[in-house]
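The entries follow the order in which I checked things.

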Amino acid sequence: MGRRGVSPATVRAAGPHLTAAGSGVPAAEPDPLPERSAAAFPLKIGILGGTFDPPHLGHLWLATLAADALGLDRVLLMPAARPPHKSGRQITNAADRVLMARLAISGDPLLEISLVEMERPGPSYTVESIEALRERHGAETRLFLLMASDSLAQIDTWREPDRLLELAEWAVGPRPGTPMPDPDTLRARFGPAAERIHLLAGPALELSGTEIRQRVAAGRTIRYLVPRAVEELIRERGLYRRSARA
Ligand code: ATP
C-alpha cells in the first residue's frame with residue numbers, strides 16, 4: 001500500500017505525477033498533444049477552473065457538454081491553489097485535490113489537468129491564469145473559459161471580468177438553482193464583447209462539492225456522483241469524514 005493506505009494501483013491510474021521540490025504538489029508536465037498548424041486550423045481549448053474538492057460528475061459533464069457544443073479539442077481542468085472565493089472554509093490539500101482530478105479524468109482523451117494555478121504563489125485569480133495560458137498557447141489558439149450559470153451570476157465579484165472576456169471566450173452551462181443568463185442582460189453588461197459568451201443547452205446536474213463532502217461526513221454513499229476511482233481515494237484517505245462544513 002502507498003501513502004496513507006492508497007493502493008499503488010489507484011495512484012498509478014492517475015498517471016505520472018512528478019512532485020515539485022518540497023511543495024507536495026505535482027509538477028507541470030509537458031504538453032502531450034502534438035503541435036498542429038494553428039493558423040490553418042486554430043486549436044480550441046476549454047479551461048474549467050475550480051476547487052475540485054472533490055471533482056464530481058457535474059464538472060465532467062460541463063466539460064463534455066462544452067466540448068460537444070463548441071468542438072473543443074481538449075478541456076483543461078485547472079485546480080485552484082488558493083481559491084479567493086472560498087477562504088471561509090478548510091480546503092483539502094492541493095496534492096490530494098490534484099490527484100483526485102487526475103483520477104477523475106483518467107481514460108478520457110478529451111480531458112487534461114493544468115497546474116498553472118499550482119505553480120503560482122498567492123490567491124488563484126482566474127484572469128492571471130488565463131493570461132499565463134494565453135502566453136503558453138499563443139494568440140491563434142481559441143481559449144474558452146468554462147463555467148456554470150452560478151459562476152457567471154457572480155462574475156462581477158471576480159478580478160477584471162472584462163479583461164477576462166478579452167483573453168478568452170466564455171462557455172456557460174446550466175446549473176440547478178441559477179437560471180441561464182438572458183442575452184440582453186449580457187449585452188447590456190458587456191457590450192459587443194457579449195458575443196464572446198456562449199450559452200450551452202443541455203441537462204443540468206444537481207451536484208456540488210459541498211453536497212458530496214456533507215454526504216461523506218454523514219456516512220452516506222456518493223457512488224455514481226463522482227468517478228469510481230475518486231470515490232475509492234476519498235475512502236482510502238479518509239477525506240471529508242469530519243468536514244461537513246460548506
Ligand atoms: P463547492 O460546493 O465546494 O463550492 P462546486 O461543486 O461548486 O464546489 P467548484 O469546483 O468550485 O465546484 O466549481 C468549479 C466550476 O464548476 C464552477 O464554474 C461551477 O459553476 C462548475 N460546476 C460545479 N458543479 C457543477 C454542476 N453540478 N454542473 C455544472 N457545473 C458545475
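I began with the term I would need for the sheet: two strands pair if DSSP finds at least two bridges between them. The model is a predicted one, and I kept that in mind throughout. With that criterion in hand I looked at strand 5 and strand 6 (residues 197–199), which run parallel and are joined by 3 bridges. Within this pairing, I found Val-172 opposite Leu-199 in strand 6.

**Entry: the chain as a whole**

I counted 9 helices and 6 strands in the protein chain. Of its 246 residues, 47% are buried. I then looked up the contacts between residues at least 6 apart in sequence, and 76% of these join residues at least 24 apart. For the accessible surface I noted about 12200 Å², with 53% of it belonging to carbon and sulfur atoms.

In which order do the strands of the open sheet lie? I read the order as 3-2-1-4-5-6, an open sheet of 6 strands with parallel pairing. Strand 3 (111–113) and strand 6 each have a single partner strand and stand at the edges, so one side of each is left without a neighbour in the sheet. Direction ignored, neighbouring strands of this sheet are turned by 30° against each other on average.

I went through further pairings one by one. Strand 1 and strand 2 pair in the parallel sense over 6 bridges, and Ile-45 has Arg-74 as its bridge partner in strand 2. Strand 1 (residues 44–50) is also joined to strand 4 by 5 bridges, again with the two running parallel, and here the bridge partner of Ile-45 in strand 4 is Leu-143. Strand 4 (residues 142–148) is in turn joined to strand 5 by 5 bridges, in parallel, with Val-172 in strand 5 as the bridge partner of Met-147.

**Entry: strand 5 and Glu-169**

How many residues of strand 5 are buried? I found 5 of its 5 residues buried, which leaves the strand mostly covered. In a regular strand the side chains alternate between the two faces of the sheet. For strand 5 I noted Glu-169, Ala-171 and Gly-173 pointing one way and Trp-170 and Val-172 the other way, with all of them buried.

I then turned to Glu-169, which lies in strand 5 (residues 169–173). Is Glu-169 buried or exposed? Its relative accessibility is 10%, and because the cut-off for buried is under 20%, I recorded Glu-169 as buried. Leaving aside residues up to four places away in sequence, I found Glu-169 touching Arg-142, Leu-143, Phe-144, Leu-145, Arg-196 and His-198.

**Entry: helix 3 and helix 9**

Two packed helices are described by the angle between their axes and the distance between the axes. For helix 3 (residues 94–105) and helix 9 (residues 228–237), I noted axes that come within 8 Å and cross at roughly 150°. On the helix 3 side I listed Asp-96, Leu-99, Met-100, Leu-103 and Ala-104, which meet Ala-229, Val-230, Leu-233, Ile-234 and Arg-237 in helix 9.

How values were computed
Residues numbered from 1 in each chain as written. Predicted model: local features only at pLDDT ≥ 70, side-chain atom pairs only at ≥ 80, totals over all residues. Heavy atoms only, no water. Helix = DSSP H or I, 4+ residues; strand = E, 2+ residues; numbered from the N terminus. Buried < 20%, exposed > 50% of the residue type's maximum accessible area, 1.4 Å probe, protein only. Contact = heavy atoms within 4.5 Å. Areas by Shrake-Rupley, 256 points an atom, 1.4 Å probe, with all protein chains shown as cover. Axes fitted to C-alpha atoms, helices over the stretch in contact; angles between N-to-C directions.
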